[in-house]
Amino acid sequence: MAKAVTNARTAAVKVLGRVLAGRSLGDVLEDGLRAVPAGAEQALARELIYGVLRWYSRLAAVRDNLLARPLKARDADIGLLLLLGLYQCIELRTPPHAAVAATAEVARSLGKPWAVGLVNAVLRRFLRERETRLAAADADPAIRHAHPQWLLARYQEAWPDRWQQLLEANNRRPPMTLRVNRRRLDRAQYLELLQDAGLSATPHPYAADALTLATPVPVTRLPGFDAGLVSVQDAAAQLAVDLLDVPEGGRVLDACAAPGGKTCHLLERYPAAGEVVALDIAPERLARIEDNLRRLGLQATVLAGDATKPASWWDGTGFERILIDAPCSGSGVIRRNPDIKWLRRDSDLPALVATQRQLLAALWPLLVPGGKLVYATCSVLPEENERVLADFVAAQPDAQPLSLAQEWGVQQRYGRYILTGDAGMDGFYYGCLLKT
Ligand SMILES: C[S@@+](CC[C@H](N)C(=O)[O-])C[C@H]1O[C@@H](n2cnc3c(N)ncnc32)[C@H](O)[C@@H]1O
């Protein structure tokens, strides 16, 4: 039987429907693209899915304003098709009339031929009235920047002078950054391999192993990827290893380790480290750590367990270094995961903050005196970062905050932020505590 084939736009509508119904993009994307021919058609589907999620509330405001009456709930797919059409008209360089015609035709493959005319009419009207329609929607800053109101308010409160810059960075396409496996070759050598493969890249100014590609490519095009010469990891995430500064023979706990990006980097950087324990609460994610270790030729002790309950997995031997790469809102990595904006709720924050505080309190006793703990998140909100550290330090006499004299980021009383987009990096926070 011939393999079923789906075109990019139809697949995009289906994936968007699943995400907006509550599934995370990471969970549904690959499955949704399986029937789309590889190459240009898949690239278009990805572009449309990510683009519509980046601009969702703005596109929806423009659409709703153009419709004489709201669509019925059972025609939500036609509503998404309209967003797809508006996205192409507003953000892509495709000739708009061709994009409109191709988009309207998708109504047929969704089994709704009656909607071809509606989609055509709405999108053509938008093209005629573009400037006034956009200006009307953009009067509200939450719509203009396509963020939910609660998240906009949080950025404004945390960064009164820089919130606009953060929102704009969240809506930009992120770069693809590589981490060269320095156990195998150095950054300059890998840069040559990239050049030989026709790929151009630049060394990152702050992350010593990082190369940023001029244009993202599938990993299959990266020389030596399967052989473990290189991994994909944002430069901000690569800064953790410098802060860890693992001594020879030092035992390390990576408490929230999956999929193992930082575990593998620290093993590459510190070949003389002692045992490295990579722990994660999600057993299904441990396989990702194992795969990465195998591909890179590295070894760690991989454990499933809840880091807030060490009694269930800890063998009683202390650690010289602990990394807590805590679960968080992801407010620094929205450019890579635009679904966060529509799936997260303000009411999720208290539970995340409670876990972050529990992680710190539960793991502190596992650190040996003189040992160092690095606390990290991919969030730029103070509740999840410096406030967690400040309260912990106030209650814990043997916890001494270390000032980070790094050349990157924004210094706070406790720790440093990288604001999304600074030096091309994801938004991140790092804080370090010494056990006296
Ligand atoms: C930000 S991700 C870690 C990314 C990883 N460090 C890397 O660099 O590839 C956070 C991880 O924390 C894990 N996690 C959440 N709560 C946990 C807990 N109580 N104990 C251990 N791991 C936990 C999640 O399953 C998730 O894999």
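**View A. Leu178 stands opposite Leu211 in strand β3.**
The model shown is predicted: local features are described at pLDDT of at least 70 and side-chain atom pairs at pLDDT 80 or more, whereas totals for chains, interfaces and linings use all residues. Residue numbers start from 1 along each chain as its sequence is written. Strands (E, at least two residues) and helices (H or I, at least four) are DSSP runs, numbered from the N terminus. Strand β1 covers residues 177-180 and pairs with β3 over three bridges, in the antiparallel sense. Strands count as paired if DSSP finds at least two bridges between them.

**View B. Four strands form an open sheet.**
The strand order is β2-β3-β1-β4, and the pairing is antiparallel. Which strands stand at the edges? They are β2 (201-203) and β4 (230-232). Each has a single partner strand, so one side of each is left without a neighbour in the sheet. On average, neighbouring strands are turned by 30° against each other, direction ignored. For such angles, axes are lines fitted to C-alpha atoms (for helices, over the stretch in contact), and angles between N-to-C directions run from 0 to 180 degrees. In a regular strand the side chains alternate between the two faces of the sheet.

**View C. A hairpin links β2 to β3.**
Thr202 faces Thr212 of β3 across the pair. Pro203 has Leu211 of β3 as its bridge partner. Leu211 also stands opposite Leu178.

**View D. Domain 1 touches domain 3.**
The chain divides into domain 1 (8-146), domain 2 (177-232) and domain 3 (235-435). These bounds come from an automatic or database domain assignment. The centres of domain 1 and domain 3, taken over C-alpha atoms, are 37 Å apart. How many residues does each side give to the contact? Domain 1 gives nine and domain 3 gives five. A contact here means that the C-beta atoms of two residues, placed from the backbone, lie within 7 Å. On the side of domain 1, the elements that give two or more residues are α1 (8-20) and α3 (40-66). Helix α3 gives the most, with four residues. This side has six nonpolar residues, two polar and one charged. The classes are nonpolar (Ala, Val, Leu, Ile, Met, Phe, Trp, Tyr, Cys and Pro), charged (Asp, Glu, Lys and Arg) and polar (the others, Gly among them).

**View E. A shell of 20 residues surrounds the ligand.**
Which residues are the closest? They are Cys256, Gly261, Ile281, Ala307 and Asp325. A residue is near a molecule or strand if its C-beta atom, placed from the backbone, lies within 6 Å of it. Helix α13 (261-269) and strand β6 (276-280) each supply at least two residues of the shell. By class, the shell has 11 nonpolar, four polar and five charged residues.

**View F. Helix α13 is mostly covered.**
Nine of its nine residues are buried. Among them are Gly261, Lys262, His265, Glu268 and Arg269. Buried means 20 or more other C-beta atoms within 10 Å of the residue's own, exposed means 12 or fewer, and partly exposed lies in between; C-beta atoms are placed from the backbone. The loop between β5 (252-254) and α13 holds Pro259. A cis peptide bond joins Ala258 and Pro259, with omega of about 5°.

**View G. Pro113 sits in a loop.**
The loop lies between α5 (96-109) and α6 (115-138). Is Pro113 buried or exposed? Pro113 is exposed, because 11 other C-beta atoms lie within 10 Å. Leaving aside neighbours within four places in sequence, Pro113 is in contact with Ala107 and Arg108. Gln358 is 245 residues away from Pro113 in sequence and 54 Å away in space, C-alpha to C-alpha.

**View H. Ala146 and Asp245 have positive phi values.**
Ala146 has a phi of about 50° although it is not a glycine. Ala146 lies in the loop between α7 (141-144) and α8 (149-158). Ala146 is buried, because 23 other C-beta atoms lie within 10 Å. Asp245 is not a glycine either, and its phi is about 45°. Asp245 lies in the loop between α12 (240-244) and β5. Asp245 has 13 C-beta neighbours inside 10 Å, so Asp245 counts as partly exposed.
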